[in-house]
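Trainee: Could you take me through a close look at one part of this model, the nonpolar core and what surrounds it? I would enjoy one connected account.

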Amino acid sequence: MRVSRGEKIFYFINYIVLTLIALSCILPLLNVASLSLSGAAAVASGRVSIWPVDFSFFSYSSLFKGTPIIRAFFNSLQITLIGTALSMITTIMAAYPLSRRQFYARRFFTMAMVFTMIFNGGLIPTYLVIQSLGLVNSYAALWLPALVSTYNMLLMRSAFEQLPREVDEAAKIDGCGELGVLFRVVLPLSKPMLATLALFYGVGFWNSFMSVLIYINDTAKFNMTVLVQNMIRSTSMIQDFSDPTMLANITPEGIRSAAVIVMIIPILAVYPLLQKYFVKGVMLGSIKG
Amino acid sequence: MSRLESKWLKVALAAGLSASLLVGCATNDGKQGNGNQNQSTPKESASTVEKRGKISSTIYDRGNVPNGMGTIEDNMWTKWINENGPADVKFTAIPRWESQSKLNVLLASGSAPDIIFEFGTGIRNQLFDQKQLMPLDDLIEQHSVEYKALLEKYPQLKQVGIKSDGKLYEVGRINEVYPLVSLFIREDWLEKLNLEVPTTEEELLAVAKAFTEQDPDGNGVKDTYGLGGLKFGDTPGLFRYMFNANWVNLGEDGELSVGPNNMKESTELKRKMFEAGVVDKDFLTDKDGTKSKQDFLNGKIGIYAIMASDFISFSAKELDTLMQTVPEARLKVIPLPKTSVGQYNPAWNNPVQMTAVVNARAKDPEAIIKYIDFLVKPETGRTFRNGIEGVHYNLDSDGKPVIIDADKFTNEVSWAADFAMLYSRLEEGKYGYNDTQFNEEIPTQKEGLRLFQDSVKTYMNELPVGEGLTHSEHMPQLPKELSLKFSNVQTAIDDIYTRAIIGGSNYTMEQAQQDVEKEWQQGGGPEIEAWYQEWWSKEKDNVLTWEGVYEIYKQQQAAKAAL
């Protein structure tokens, strides 16, 4: 197919705009990465832009030695893996029946769940519920309240609804029960959606901050986000300046940058693996009929 | 089906549960109000057999406990406290930068520790307003030895710790008074261009102009600025202090003046600076002053004000960077130039710092007071600062603590400072004073000490402090609604003045001043002023003003001279 002049201009502008947008995401990341690999003096005097100056692993070695980042990393991993698995199982279990026409009162149940998207208890009441269930200081306080994200469940429900009913019927004639239909037919056909939702949940759990801060008292159980936030926010707080040694406690920028890099690498590593499903998956949920 | 039914059942159950909890919460609150009064009366007599109390305490978590040293709530220092202290203490970590929300949930759910350490005056005031705190007057009177002695030595500790109902709710520590902010000029530039130290605002402008235009760094490029940024970062404080441009000022007649005091004058100078091109034209985009600071540290800015505080961290970080990147740079601390409204000093350190309050629901107040006494003892605080004698530090022949092994110190002691929030270091005597904390074998620290001494010499005098009535930690808390109004009108007026700095002929100073007055009138100014005036008429004698701070400074220096 020949490309017309107008289209050429269009593509040209398109590429420029997209490149700029891509750069606006990549450059800050490069900057943080370079800061984490530069010498301390170069960082303080602002000589680092997108390439390390006085290359050194000093920031990383002080990060691993001087802070509990390794423990926090494994905590984050634990929160994310178990949380995602639990959420996926329950989301599937909720979405599948709600997507089947023969299910009685599915509209009512759907509305009941959507209700929770609009209304929720405030911070303190929710905390009291968690506390009375004995979940404070346990990761269950992170996993259980957010077990099913209604939005994700709706996405999955519409994905299931799109599968032709005939496929179900064929499977049933061949001898599948309800669980057989789900596990042998519906789920394999919905892989893109599963991958997408797993990523949504995974990123959500990896980034969980407020819930960890509020429900977890034991600092040995803190995850990366809370730890890194603590380091980043340590830079300015005037009342502490009344105290000499407090200033010395400020985490230098290079080490903070190293912590940020350690925190985002796992998610960065997962994206490419799931990306082929990702685009397809979001589309699947959005178009119905 | 049945699975879903039971799920629904759970939802219903959970809803019911949370409703009943809400009710429970309300009744709890009611009870707590009563409990408050009961508990303030001391339990039984102290003469009964000494029993080891069990209490709980907060500790800030800054995420800086080294790998392998345990956690901030369970480590060698918490064990040390439990072995050497008067009570068994259980610690709850409070993330330093989210302390407010964490304390809120802990208090609301009734699981807050007995003693709460918090630097934030606003947060402590909020706890008092919510009736979460226990008054301490009688308890200290009956059970305390150390803190009572400190209260007698420094009555200001009591003055500041008293809340609006006239009772003592807060305990704290005494810090050394020294200047918080210092104004630096590049002495080497002055000499090179044959200039004198500027002593008035006009001279400041002239020197800044020379620094900008006459290539003081001699690289043949016009790439220097006279002055740091005008709005963000370290230097804007300079203009505030120079002109005493504050919202709540104390007049010579002892009356408060509330509003945009002297801000017109300070903005006028900023405008002149901007128009003369002696500051970075892009100062508005340098949102946290990083760019300006980097320019200074790269030797591109000649006049710069910075919160160097005790100069220890400043020596290790900023000064160290400057001495590496610009070896020829020589800093000089200069007095704030005289202005049309007078001459002032920059802000000083807060000597009377409140750091802890006691939970109204605490079960064993006596044990808490004993624990406070334990923390107030100099030898306790010294341990959190220097470590254990013979293990982390030795005393030299002069009695000065010397760290034995820097790496071991960093790994085991450096992060324990938050346990020492009740440590009044000056009680140590000579080696409690800041000028003994420098290690003169390190060149940057030696230079840091010189600048610190200059700063003290320059700014610790009878001139008034240009930070209004008093240190921000001693300012009262406006009621919520007024406080919101106040911060809105402050932002609005600040924006107007910023426009005036860069406005040129399109936006004159007169116009700006008119807009400011209108904004102040409409944005609740009179209401805010009335509140402050009423507060001042009632609390006048309980406020530690800058004059009071200066008295403490003199007392501290006299004690030092007597050593």
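Mentor: B:Ile372 touches B:Ile115, B:Tyr147, B:Val171, B:Val358 and B:Leu422, leaving out residues up to four places away in sequence; contact here means heavy atoms within 4.5 Å. B:Ile372 and B:Tyr532 have the most contacts inside the largest nonpolar core, which has 142 residues. Such a core is a set of buried Ala, Val, Leu, Ile, Met, Phe, Trp, Tyr and Cys residues joined through side-chain atoms within 4.5 Å, and buried means under 20% relative accessible area, exposed over 50%, partly exposed in between (1.4 Å probe, protein chains only). Apart from that core lies another, of 55 residues, including A:Ile92 and A:Tyr215.

Keep in mind that this is a predicted model: local features need pLDDT of at least 70, side-chain atom pairs count only at pLDDT 80 or more, and totals for chains, interfaces and linings use all residues. Residues are numbered from 1 along each chain as its sequence is written, chains are lettered from A and ligands numbered from 1 in the order in which they are written, and side-chain values use heavy atoms, with hydrogens and water left out.

B:Asp61 is buried without a salt bridge, that is, a side-chain nitrogen of Lys or Arg within 4 Å of a carboxyl oxygen of Asp or Glu. The nearest side chain of opposite charge, A:Arg71, is 7.2 Å away. Beyond four places in sequence, the contacts of B:Asp61 include A:Thr219, A:Phe222 and B:Arg96.

Finally, B:Phe311 has a positive phi near 70° although not a glycine, and at 0% relative accessibility B:Phe311 counts as buried.

Technical notes: Lys, Arg positive; Asp, Glu negative; His and termini not counted.
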